[in-house]
Amino acid sequence: GTNDRVAVVSHGAFYNYLMRAIFGGDTSKSWWMMNNTGITRVDFSNDGNRTMLVYHNRTDHLPEGLIT
């Protein structure tokens, strides 16, 4: 019930497990691949009944030559 924001900085493997825990998915595959410094935003409703992926693997903060 707040406007708190939380940032999580992690290794790609942990991110993959985290996203599968939030949204589900096959645990034998890496569905949630990320570029280095890619940014993802997930919003959770105040009542806990809705989770929304706003954007995933956003890299527009990087010059094209640094996207890996």
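This is a predicted model: local features need pLDDT of at least 70, side-chain atom pairs count only at pLDDT 80 or more; totals for chains, interfaces and linings use all residues.
Some overall figures to start. Taken along the principal axes, the C-alpha atoms fill a box of roughly 40 × 30 × 15 Å. The chain has 68 residues, and 13% of them are buried.

Next, the largest pocket. Its volume is about 1200 Å³. The lining consists of 30 residues, and those closest to the centre of the pocket are Val6, Ala7, Thr40, Arg41 and Val42. Which element gives the largest share of this lining? That is β1, with 6 residues. The strand β1 covers 39–44, and both β1 and the helix α1, at 12–23, supply at least two residues each. Sorted by class, the lining has 13 nonpolar, 13 polar and 4 charged residues.

Let me stay with Val6 for a moment. Valine 6 sits in the segment before α1. Is valine 6 buried or exposed? Its relative accessibility is 74%, so valine 6 counts as exposed, the cut-off for that class being over 50%. Besides being among the residues closest to the centre of the largest pocket, Val6 belongs to a nonpolar surface patch, which it makes together with Val8 and Phe14. The area of that patch is about 340 Å².

Now the charged contacts. How many salt bridges does a search of the whole structure find? It finds 2.

One of them joins the side chains of arginine 41 and aspartate 43, with an N to O distance of 3.0 Å. Arginine 41 is also on the list of residues closest to the pocket centre. With 38% relative accessibility, arginine 41 counts as partly exposed. Aspartate 43 is partly exposed as well, at a relative accessible area of 26%.

The other pairs arginine 58 with aspartate 60, and here the closest N and O atoms are 3.4 Å apart. How do these two partners fall by exposure? Arginine 58 has a relative accessible area of 36% and is partly exposed. Aspartate 60, at 58%, is exposed.

Note on methods: Residues are numbered from 1 along each chain as its sequence is written. Side-chain values use heavy atoms; hydrogens and water are left out. On a 1 Å grid over the protein atoms alone, a cavity is a set of points where a 1.4 Å probe fits but cannot get out, and a pocket is an open set with protein on both sides within 12 Å along at least five of seven lines; lining residues have an atom within 4 Å of a point. Grid points are joined across faces, edges and corners, and a volume is the space filled by probe spheres set on the points. Helices (H or I, at least four residues) and strands (E, at least two) are DSSP runs, numbered from the N terminus. Ala, Val, Leu, Ile, Met, Phe, Trp, Tyr, Cys and Pro count as nonpolar, Asp, Glu, Lys and Arg as charged, and the others, Gly among them, as polar. Patches are made of residues with over 30% relative accessible area and no salt bridge: like charges are joined within 9 Å, nonpolar side chains (Val, Leu, Ile, Met, Phe, Trp, Tyr) within 5 Å. Accessible areas come from the Shrake-Rupley method with a 1.4 Å probe; for residues, only the protein chains shown count as cover. A salt bridge is a side-chain nitrogen of Lys or Arg within 4 Å of a carboxyl oxygen of Asp or Glu. Buried means under 20% relative accessible area, exposed over 50%, partly exposed in between (1.4 Å probe, protein chains only).
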